[in-house]
Amino acid sequence: MAPTAGAETGRSFARRDQLLKIQAEVQKRWEESKVFAAESYEKPPEPGERFYGNFPYPYMNGYLHLGHAFSLSKLEFASAYHRLRGRNVLLPFAFHCTGMPIKASADKLNREIEQFGNPPVFPGPEEEKESMVEAQEPQGEGDANLGAPDKFKSKKSKATSKSGGEKYQWEIMRSFGLSDSEIAEFRDPYHWLTYFPPLAIEDLKSFGLGADWRRTFITTDMNPYYDSFIQWQMRKLKNMGKIVKDVRYTVFSPRDGQPCADHDRASGEGVQPQDYTLIKMEVIPPYTGKLKVLEGKNVFLAAATLRPETMYAQTNCWVLPEGKYGAFEINETDVFIVTERAALNLAYQNLSRVPQKPTCLVELTGQDLIGLPLKSPLSSNKVIYTLPMLTILTDKGTGVVTSVPSDSPDDYMALQDLKSKPLLRSKYGVKDEWVLPFEVLPVINIPEFGDISAEKVCADLKIKSQNDKEKLAEAKKLTYLKGFTEGTMLVGDFKGRKVQEVKPLIKSKVLESGQAVMYSEPEKKVMSRSGDECVVALTDQWYIIYGEKEWKAKAEECLASMELYSDETRHGFEHTLGWLEQWACSRSFGLGTHIPWDPQFIVESLSDSTIYMAFYTVSHFLQDGDIFGKNHSLIKPDQMTDEVWDFVFGGEKHPKTNIPPHLLKKMRQEFEYWYPFDLRVSGKDLIQNHLTFSVYVHTAMWPKKYWPRAFRCNGMIMLNSEKMSKSTGNFRTLRQAIEEFSTDATRFSLADAGDGMDDANFVFETANAAILRLTKEIAWMEEVLASLPALREGPPSTYADRVFANEINIAIQAAEQSYDALMFREALKTGFYDLQAARDEYRFSCGVGGMNRDLILRFMDVQTRLITPICPHYGEYVWKDLLKKVGFAVKAGWPEAGAPDLTLKRANKYLQDSTASMRKLLQKQVSGSKKPKKGGPSISNEEKPTIGLIYVAERYEGWKEECLRILQSKFDQVSLSFAPDEEILSALKTSPVGQIENFKQTQKLCMPFLRYKKGEAQTVGIQALDLELPFREVEVLHENSELIKRQLGLDHVEVLSASDEASCSRAGPHVSLLRQNPPSPGNPVSIFLTSSEFPMNFA
């Protein structure tokens, strides 16, 4: 990679270029030594002997970007950590090409050439406003968060982030740096498969990914081995009864003529069909106005409802006055009045005279419909009328709404508006008799809200009109769910029964009587990658029966046994298992493997990617290093029969095959050695599909011993606290990031970006700071190593030595815990930032005695190992070129550590905190003394304090001791809480302190002390209630008196006991300060004197 030039900016890139040079040399050594190739052994692995981690293969319709790199870095850091520990590590990588996106993009290029020429000349901005371009790439953040409201989902659609915002596919390809002649080749979808994967391998190698590239492959039937593997998987699932053919509602792309699954969508990922009951509200003849042409037909206003149980209380029907409607033929006799969008959905659900083509007999507006008399199913009113409602959304439902003001706050307020506002009725031509006679009818009793819940909740929330949208939304939240779970029917055949019980019965009643039909539409807007808005269709196709009772129980069992690293992740999986049901696994458009028993269909992209982690274990034997599977090995694709696949993947029956026995044995050994995998890392957006599918299919295909062990999910990544977006320019491909920052600085910033399920933040300043830190550290080590003979020899002996050695041990232990928990930001902090801070403190603390040679060399060794999983090229350079170690840093072994001395750490913190407090006090005293007294001269430099007296009290005594003993007896260490204050005060009164004559005066001192110590204990634990510290304060301060003198700029320091009167007298005129603010354990008191105030010979 050529580094970006920077001469025109005046910036120097020498440090960055130094890291780029190091990484190129290190990667060459890795390649030559095949350091990441992973081999199995005949003997089954012992616990902890091997580590197999994998990552969802990225889709190959462009370059890899920092979003890919962020999720992948979690797996890479984990794998590198286990490799460093000496484990046998397998990290394979592959490329996904199945599905619609590549084919849809290739087709877009063909359409753009047909419309605009080759190369295409696109219209300017003004022309674009005048015409809708068919090849438009869907845009808009509004669609990015679409998904079923009851589904677990990420904050933005991954598909939307892929679209980039460009309008034409040709322009998207130009943004990749391709020439027009090169772009023309991408009209062939298979050209994408040969172009982008090799570039991705280049970028990932440059990223330092520790992958076994021998196992890499692409998907689709272009790779005959993977094609054979998927056919085996599908046949096996079908034979188990896990795949069935059925008619189901599914999100569907009219342009593509097939279901549109998550990965086929430009927006609306996670959106599912929403089923409604479509109430047929019959228009009572004779027909007038525009409806006269419909004479002889049965005409219905069709209203979509989720609450058929409320239909008994209908008072009217609502339409949007300015809304656009149509009268659409359903069959030879029936006509539905709905919006065009709803009619299109109906046409794909066998509710159109011409299948998939809605026929509009007359175009209408809502105003045309106002006043129509209707006969509506279940309504207690024999005739109701169509009235105007101003808040109807025509992109939801049919645009026709049946009104139940007793239970719908929206309906209640709209009806009240019409009843109370004659001018509003007049505006829309509403006659009084259509509105005023209709009273609100009770239908459901809801505890707390009574028989007419809408009236009650609107009054409670002080809602004034139908336009008070926020309060109305709140009103529905308060009543709708409670009405379903706790409501009781007041009318009808099911009077007295619970709503939850009778809802499906009422729905069945109106459907079976022909008074209603089933209707479904996408929960939210869905745009396919081909650029059309999706509908819901009834499709006859192949489904995987996720959600089946026994299979679901197995999936739940598997999930319960897995490490998921966060409660939010587990809740996401549990939620998905709760709603996931049959999944359409076949497509008729796109790339992929043909369904073996029904080759007119292709296996859908989320169904051919559930267990390919098993394929990794044997792919290198089959493909012989060719990602396309073209250079056949000793095993030919047609030799991989179902019998062979079964045997290789743990089956008992030995197959009849002419595959050499040693190869067959070796492939089975590979699978049994590496399976189950230890970790799969992914963005959280895949919980709701791919990852849950993987759990299901693993439990179907294999016994428990092969089920996945762990998933680790993360949020998306922002750049500099803003959404990553091509359209705004806030975007980096992986290649660009490496060129701009170097690999190790990029990895450093990825580790620092965050580890939780919330969106992380890649900060350019962090990456640039990493360049500086890493190169400065190299320079410091070079300087120290060059002057090594001048350092102090012998074993660590000073207090500073002991503290530094202890900090190294603590860093090793803390980094190990962080790496084990996959908390890489914390690993970076403890293994690099904190360790560097300890080193810097050590350098300063050593003073004239100098640093210990062995300790500094140990620091260099340990720090290099701890940072190597994150910055491996830096680690290799230090390991080999500076420390002259043999072998590779990536396999150097985890550093050994002695048991951390937490008492010593606490003592050192005490020392640092005390010194900092002394410094602030001295600065305050000096700055105060510089101010001249009124009318007097300022104090000269000769009179500045140069003597420090440090007074300590190493144990609480008297009433403080008694208070602490009481708190110790009243403290719960588990909950970090105390008994009630009344109980503590009672214990104080009955204690020896409570028996003294002036107890009330002492109590005034006790109470704030008790409050302070309670708060401290609740923060740090019971150690805050100790009567004395676990170390001798006098010894710590005395041993470090030279350091204190140096840090405070003093000539003389004494450490004295506050309980010794002779020592206190040395404070001279300042002894009153000591009396007013006496020291306590952990809080020494310092008094600073001038030489004139403390006459003494210091010689």
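Which domains does the domain assignment of the protein chain give? Hello everyone, let me start there. The assignment lists domain 1 at 273-522, domain 2 at 766-900, domain 3 at 919-927 + 942-955 + 1032-1098, and domain 4 at 958-1027. Please keep in mind that what you see above is a predicted model.

How do domain 2 and domain 3 sit relative to each other? Their centres, taken over C-alpha atoms, are separated by 35 Å. In terms of contact, 6 residues of domain 2 meet 6 residues of domain 3.

Now the overall picture. The protein chain has 1099 residues, and 57% of them are buried. Its secondary structure comes to 38 helices and 32 strands. Along the principal axes, the C-alpha atoms fill a box of roughly 120 × 85 × 65 Å. If you take the contacts between residues at least 6 apart in sequence, 77% of them join residues at least 24 apart.

There is also a record to mention. UniProt, in an unreviewed entry, lists residues 26-108 and 201-761 under "domain: Aminoacyl-tRNA synthetase class Ia". For residues 26-108, the end C-alpha atoms lie 42 Å apart, and the span is 42% helix and 10% strand. For residues 201-761, the end C-alpha atoms lie 25 Å apart, with 34% helix and 20% strand.

Let's zoom in on a sheet. In what order do its 4 strands come? They run β2-β1-β23-β24, in an open sheet with parallel pairing. The edge positions go to β2 (88-90) and β24 (711-714); each has a single partner strand, so one side of each is left without a neighbour in the sheet. On average, neighbouring strands here are turned by 20° against each other, direction ignored.

As a quick reminder, strands of a sheet pair through backbone hydrogen bonds, either parallel or antiparallel. Inside this sheet, β1 (residues 50-54) pairs with β23 (residues 679-683) in the parallel sense over 2 bridges. If you want to find that spot on the model, look for Gly-53, which stands opposite Leu-679 in β23. Moving on to the next pair, β23 and β24 run parallel and are joined by 4 bridges. Here, Arg-680 stands opposite Phe-711 in β24.

Which way do the residues of β24 point? Phe-711 and Cys-713 point one way, Arg-712 and Asn-714 point the other way, and all are buried.

Helix α2 (residues 66-84) lies across β1, β2, β23 and β24, and runs at about 160° to β23.

Next, a helix from elsewhere in the chain: α10 (residues 340-347). Is it mostly covered or mostly open? It is mostly covered, with 6 of its 8 residues buried. Those are Arg-341, Ala-342, Ala-343, Asn-345, Leu-346 and Ala-347. The cover over the buried residues of α10 includes β6 (273-283), β9 (324-329), β10 (334-338), β17 (516-522) and β19 (535-544).

On to the cysteines, which I expect some of you will ask about. How many disulfides does the count come to? The count is 0. Take Cys-558: the closest cysteine sulfur, in Cys-713, is 13 Å from its own sulfur, too far for a bond. For accessibility, Cys-558 is buried, with a relative accessible area of 0%. Cys-871 is buried as well, again with a relative accessible area of 0%.

Finally, a few backbone details for anyone who likes geometry. Most residues other than glycine have a negative phi, and most peptide bonds are trans. Where do we find cis bonds here? One goes from Asn-118 to Pro-119, with omega near -5°, and Pro-119 is in the loop between α3 (101-116) and α4 (125-130). Another goes from Pro-285 to Pro-286, with omega near 5°, and Pro-286 is in the loop between β6 and β7 (298-305).

As for phi, Lys-462 is not a glycine, yet has a positive phi of about 55°. Lys-462 sits in the loop between α15 (453-460) and α16 (469-486), and is exposed, with a relative accessible area of 56%. Ser-721 also has a positive phi, of about 70°, and lies in the loop between β25 (717-719) and β26 (722-723).

Notes: Residues are numbered from 1 along each chain as its sequence is written. This is a predicted model: local features need pLDDT of at least 70, side-chain atom pairs count only at pLDDT 80 or more; totals for chains, interfaces and linings use all residues. Side-chain values use heavy atoms; hydrogens and water are left out. Two strands pair if DSSP finds at least two bridges between them. Axes are lines fitted to C-alpha atoms, for helices over the stretch in contact, and angles run from 0 to 180 degrees between N-to-C directions. Contact means heavy atoms within 4.5 Å. A disulfide is a pair of cysteine sulfur atoms within 2.5 Å. Buried means under 20% relative accessible area, exposed over 50%, partly exposed in between (1.4 Å probe, protein chains only). UniProt positions are given in the numbering used here, feature names are shortened, and annotations may be inferred rather than shown by experiment. Domain bounds come from an automatic or database domain assignment.
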